[in-house]
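Have the sequence and the 3D view ready as you read.

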4 protein chains.
Amino acid sequence: MPVDSLRHRVWRQLDVRAHPGEGISVANKLLIAAILLSVGSVVLATEPSIRARAPGLFLSVETFFGWIFIVEYILRVWSIGERREYAGLWGRVKYIFTPVAIVDLIAVAPFVILFLDLRLDGADFLVLRLLRLFRVLTLARGGPFTTAAREVWHSIAERRFELIFSTLMAFAMMIVSATLLYLAEKDVQPDAFGSIPRAMWWAIATLTTVGYGDVFPVTSVGKILGGLVALSGVGLVAMPAGIFAAALSAVHQEHRRHRLHDEATHGAADGERHPRGMD
Amino acid sequence: MPVDSLRHRVWRQLDVRAHPGEGISVANKLLIAAILLSVGSVVLATEPSIRARAPGLFLSVETFFGWIFIVEYILRVWSIGERREYAGLWGRVKYIFTPVAIVDLIAVAPFVILFLDLRLDGADFLVLRLLRLFRVLTLARGGPFTTAAREVWHSIAERRFELIFSTLMAFAMMIVSATLLYLAEKDVQPDAFGSIPRAMWWAIATLTTVGYGDVFPVTSVGKILGGLVALSGVGLVAMPAGIFAAALSAVHQEHRRHRLHDEATHGAADGERHPRGMD
Amino acid sequence: MPVDSLRHRVWRQLDVRAHPGEGISVANKLLIAAILLSVGSVVLATEPSIRARAPGLFLSVETFFGWIFIVEYILRVWSIGERREYAGLWGRVKYIFTPVAIVDLIAVAPFVILFLDLRLDGADFLVLRLLRLFRVLTLARGGPFTTAAREVWHSIAERRFELIFSTLMAFAMMIVSATLLYLAEKDVQPDAFGSIPRAMWWAIATLTTVGYGDVFPVTSVGKILGGLVALSGVGLVAMPAGIFAAALSAVHQEHRRHRLHDEATHGAADGERHPRGMD
Amino acid sequence: MPVDSLRHRVWRQLDVRAHPGEGISVANKLLIAAILLSVGSVVLATEPSIRARAPGLFLSVETFFGWIFIVEYILRVWSIGERREYAGLWGRVKYIFTPVAIVDLIAVAPFVILFLDLRLDGADFLVLRLLRLFRVLTLARGGPFTTAAREVWHSIAERRFELIFSTLMAFAMMIVSATLLYLAEKDVQPDAFGSIPRAMWWAIATLTTVGYGDVFPVTSVGKILGGLVALSGVGLVAMPAGIFAAALSAVHQEHRRHRLHDEATHGAADGERHPRGMD
């Protein structure tokens, strides 16, 4: 039976679009685990004191994951031919230039270069392997987090104007704050407040409440302005996050109401498996 | 036809009140873009290391935008005669003294002075050009952010007493905190806590959670009081922002319900364009 | 007519209970203004550089407000006899020992001592005049902030168990964090982490996100534990404020619904002045 | 009557499962107080300057609480035989290996070791007595905080996917931020940004807005990246707490509606004591 050909089975395992509403395939679950382990290994390997303890181990781990991702990439390009729009050689070329496949390629490339050179340290391009982290988002599609992600997306879409408006207000607040402190402190602390872009570093640290303490006003006028800026601006800069959280809550309640309504209306009757698949 | 006279067309392009419910005119969109670019140029030009790279460029950019805003101001005063209340010479004088036109004039003035002097550095008055940033708010009226701004305004209006009450509580907390730390630390750290206004700088940095770390209690009593102040006060000072975010969410839900109700009642029947114009 | 006797009129002006639902009396409005100005003067007078500029002015201002508050106190004790429970000499003694009157007396006492000594600096007891700030809360009763205060109070009452529970959780988090960092850093930084109470200073600064930066972990284990504590604890310590803000929003919505319902039912019919008087 | 045997009465006092819906027994209330006092004593005793003042007092207090908790443990194991599943010697062994009893044993062990050695300082294992703090959670079951705890739990359960999703996003943000700053600053500040795990310390301090100020970017690129990370990431890392607070509010409203509905339906009729027992 052609439907159960090897290529078809590989495709069903790798492509999240091959089985809508059936959750995440075993292969993709393993790939997500491999990506997370590989990312952890890349992160730890940048620390010399950790790498020094087991240089061979990190090299082996990298080689192992490198081969997995290279093979995955080749299998993906091969099996995507099952989808009509990517069939044939030309379809494969089309697929290779989709954004997802380009990210894949960029994240695989360092492994290939690595295998030719066999050094783990030095080159910054190795960090490109971390790009693979974003692949988790697409691989996990259809799983339980999809509903959460959809709610997040709906919240952003529904309140886009409030979000942009409050972000613009926060940005204006930042420019105004930086300008005020630039005027107040530029002669006393030219390094920290000698220009509006420099004062912006203070404004960001203050308005996000991070407050490293590397720069702060020292004159009376600067302290009074800085205090007023902190009191009035901190809430303003926190506003987009607050609006988003409230929107997410409202969207969640609405989705829940719709789902309960759907279930009450015909859920018990047809007994079908819900494609949403969760909560 | 007199309605389509040049002055009328200029007026329709410049005055947001000329075409309620029709969004932002092309001229105003271009002016918003010009203001944002000009503000970016003013901000960057204050940094000597950036200005040094291309002093001519910044001067050209400033000259360019300066002429645009001067011409805009003149056209605005000329074309406002289309509105009955500002018709005639006396009407123009009346218009020039409206708050919006005064801000316009103050923001244009530095360009005029600049053209007489042709230096970009030194004078603080150049920063006045940033005032133009606030013009964006009025120019964008009728656009998609108007609903967001209206919701923000309704939220503040509806919860004004809670907002003022919580702000007053936060202010009282600040005075009490500063007084306590002043009493605890004034002998040990006279520079930082030698008076209540000085201790206020610590109180603001602590209660907004900025925490620069330039001043902090060092005595045991001061640390205990400071810790209690931080634990009890941080939430209090964050309260106005929390109340506002909750109010904004409630107002948004209500507006949305009204809109859905309106649409259900007669939206489909008359098919009229909604003046609100957006979600 | 005995009802309009001088004592009765004074009482009606001073006692917020004399005229429920009629807002704040003129005398109390003036007293609130006097308290706020007096508090401002006390705060500014602690700063030597400000006091040095106009020592006579601050002394005059203090004398002026001192007499106002002393006369207010005497008039209050005298006129309270209009209320049956405080009538007669014995009733006055009873009144003097009510909490509000004790706060009044403590806040007035520094003025009396001041008048005997005529020095503005030195003694800490002068700060007691700031206690008067709390009087604003009782004087403003019946005014527009009363509804806001009532909503705040209802919110706390309705969610008291969630608030106490989350506060206890935050407190437990603080003890656990301090203990972990004490174990990790006590040998390296005995001054900052040599005991759990000392580590608590770090824990409070970290979990409230103030982060002065005077103390922080320096060992690898300490940094890992500190990072985990910050990530997991920051939200926990912010929880009581979040719960309170949500409760306040819900209470506000409910009050509003009740008010709208009341108005719809019999508001238009009787046309009576609402005792709530606002919103 | 065997039901009122001593063992049964001890069991009813100690086991929260012996009397569902009747609140907290007197013995457990006393034990909670003893635990809190004991925890306070353990915390204070780690501070040498406090312990030095009254070494005998701390030793007495520890001995006192030590005996209470040892006796409590023995009585608990003895009386648990009242429950069928833990009856007999084998039942007792089974009980001793339940998680709650193991925590009890670990928290009691330091006291036993202490009594053999009679020293309060030095050994880290003494901190294990703090584990008893977690016992408060189980002892307080059935009391007024149980509803609050249940609402907290329901909120987490209902929004588990949003919570995990936003936590994962925050975690990804942290890795990306640390990687960016590692690339920007690793050559200038190898100690602070020389590897991704090191840069993670900066990322955590920044994104939680703690901002100790021990590490911060110093290059222009690093400051621009750091500023962008702070602006975009601070809200993301605060998201899980915001989602949780909103969920808790929604769950509270729903529980309240259910309770009001229950009371309206048959509450007045049967007049029974509600097992929930609060609010």
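Predicted model: local features only at pLDDT ≥ 70, side-chain atom pairs only at ≥ 80, totals over all residues.

## How two copies are related

Two copies of a chain are related by a rotation about an axis and a shift along it.

## Where chain C meets chain B

Chain C brings 37 residues to this contact, and chain B brings 43 residues. The size of an interface is often given as the accessible area lost when the parts come together. Between chain C and chain B, about 3,400 Å² is buried, and carbon and sulfur atoms give 71% of that area. On the side of chain C, the residues that lose the most area to chain B are Phe145(C), Trp201(C) and Tyr212(C), which together make up 19% of what that side buries.

Charged side chains also link the two chains: the count between chain C and chain B is three salt bridges. You can look for a salt bridge between Arg198(B) and Glu47(C), whose side chains meet at 2.7 Å, N to O.

## A salt bridge within a helix

Over all chains, a search of the whole structure finds 37 salt bridges. In chain A, the side chains of Glu72(A) and Arg76(A) form a salt bridge at 2.8 Å, N to O. How far apart are these residues along helix H4 of chain A? They are four residues apart, so about one helical turn separates Glu72(A) from Arg76(A).

## Two helix pairs to compare

Start with helix H8 (residues 145-158) of chain A and helix H9 (residues 160-185) of chain D, which pack at an angle of about 75° with axes 9 Å apart. H8(A) is therefore roughly perpendicular to H9(D). Among the residues making the contact are Phe145(A) and Val152(A) from H8(A), and Phe161(D) and Phe165(D) from H9(D). By class, this contact has seven nonpolar, no polar and two charged residues.

Now turn to chain D, where helix H4 (residues 55-79) packs with helix H5 (residues 88-96) at an angle of about 130°, their axes 9 Å apart. This angle makes H4(D) oblique to H5(D). The contact includes Tyr73(D) and Trp78(D) of H4(D), and Tyr95(D) and Ile96(D) of H5(D). Sorted by class, the contact has five nonpolar, no polar and two charged residues.

Key. Residues numbered from 1 in each chain as written. Chains lettered and ligands numbered in written order. Heavy atoms only, no water. Axes fitted to C-alpha atoms, helices over the stretch in contact; angles between N-to-C directions. Parallel < 35°, antiparallel > 145°, perpendicular 65-115°, else oblique. Contact = heavy atoms within 4.5 Å. Nonpolar A, V, L, I, M, F, W, Y, C, P; charged D, E, K, R; others polar. Buried area = accessible area lost by both parts, 1.4 Å probe. Salt bridge = Lys/Arg side-chain N within 4 Å of Asp/Glu carboxyl O.
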